[in-house]
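Colleague: Could you walk me through this one? I'd like to learn how to read its features.

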Amino acid sequence: RALHYSFLPHGSIVFPGSFNPPHQGHLSLASAAVEHRTNSQRRIDPTAHRRELAVFMELSIANADKPSIDPEVVSERLRSFLSFEELPTNWGILLTRAPLFSKKVEVLSNCIPQEEIRGSHEGSPMMSFVIGTDTLVRLIDPKYYGNDRDEMLEALGSMMNQGVRFIVGGRLEQRKDVQASEKFVSGFDEVDRLPTKIRAMFSIIKENEFRVDISSSEIRSEQLNGNTTS
């Protein structure tokens, strides 16, 4: 069932992406993020009732670097997601026109009931975005903040103060040189370059907790070559 206005439970996991196409790696990273966040919350408050976290795949029709996605393409990607038999019943899909994270927070925070925010445990995130290291690099790139590092840090600080957190899953570095050796990028180096206060809003899933060496670009390449396995 499609809802014009979405309801987001406090503490939801939001996985933004273009999902071109959706694949098992997306589901695996979202599942790893749920486990990571659940364990973190248990350390904060071991006596708290364990509530199953809701997960939302967020597909922004507008994109900061690319043209907007055609509605028929959006429908196809939604059908692909819904075709996954292992998609949990408390997972959903969000459509937005929010290409930047500051806008995502503005839009999605309005979907969380105020009574849930007031009744939440101190220190618990309002929402957590799960991202790959490629998205992490763009998130902390001053290019998207008027080429101003201070503006970037201010934007991240504002989101942090609203209760936003980021869960980062590593991936193989995308190299144009096919002869170069593959390197797994965890995100630790990128986060370490941020000020201490800002670093606190990032949690990194270790390689032994999550690693799936598939990507949407590889799947698209295989499909063009006649291999549609994903």
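Modeller: Let's start with Lys103, which has a relative accessibility of 36% and counts as partly exposed. The scale runs like this: buried is under 20% relative accessible area, exposed is over 50%, and partly exposed is in between (1.4 Å probe, protein chains only). This is a predicted model, in which local features need pLDDT of at least 70 and side-chain atom pairs count only at pLDDT 80 or more, while totals for chains, interfaces and linings use all residues. Residues are numbered from 1 along each chain as its sequence is written, and side-chain values use heavy atoms, with hydrogens and water left out.

Colleague: Which side chain does Lys103 meet in a salt bridge?

Modeller: That's Glu106, at 3.4 Å from N to O. A salt bridge here is a side-chain nitrogen of Lys or Arg within 4 Å of a carboxyl oxygen of Asp or Glu. Glu106, at 45% relative accessibility, is partly exposed too.

Colleague: How should I read their spacing along the chain?

Modeller: An α-helix has 3.6 residues a turn, so residues three or four places apart point the same way. Glu106 and Lys103 sit three residues apart in helix H3 (residues 101-109), about one helical turn. Helices (H or I, at least four residues) and strands (E, at least two) are DSSP runs, numbered from the N terminus.

Colleague: How many salt bridges does the structure hold?

Modeller: Six. Another one joins Glu76 and Arg79, whose closest N and O atoms are 3.0 Å apart. Both lie in helix H2, again three residues apart. Then there's Arg171 with Asp134, at 2.8 Å from N to O. That pair links distant parts of the chain: Arg171 is in strand S6 (residues 171-172) and Asp134 in helix H5 (residues 133-139), 37 residues apart.

Colleague: Back to H2: which of its residues are buried?

Modeller: Val74, Arg77 and Phe81. Looking down the axis of H2, these buried residues fall within an arc of 65°, so they line one face of the helix; the arc is taken from the directions between the helix axis and the C-beta atoms. The face turned away from that buried side carries the exposed Glu72 and Leu82.

Colleague: And what packs against the buried residues of H6?

Modeller: H3, H5, strand S5 (164-169) and helix H8 (196-199) do, where contact means heavy atoms within 4.5 Å. H6 covers residues 149-161, and its buried residues include Met152, Leu153 and Met160. Just after H6, Gly163 takes a positive phi of about 95°.

Colleague: What about the aromatic rings?

Modeller: A pair of aromatic rings is described by the distance of the centres and the angle of the planes. Rings of Phe, Tyr and Trp (its six-membered ring) pair if their centres lie within 6.5 Å; planes under 30 degrees apart are stacked, over 60 edge-to-face, and the rest tilted. This structure holds seven aromatic pairs. Phe101 and Phe129 are edge-to-face, with 5.1 Å between centres and 85° between planes. Phe101 belongs to helix H3 and Phe129 to strand S4 (residues 127-132), so the pair ties together parts 28 residues apart in sequence. Phe101 is buried at 11% relative accessible area, and Phe129 is buried at 0%.

Colleague: Is Phe129 with Phe166 stacked or edge-to-face?

Modeller: Their ring centres are 5.7 Å apart and the planes meet at 25°, so the pair is stacked. Phe166 is buried, at 0% relative accessible area. Elsewhere, ring pairs join Phe15, Phe19, Phe81 and Phe84 into a cluster.

Methods:
The expected span of a helix is 1.5 Å times one less than its number of residues.
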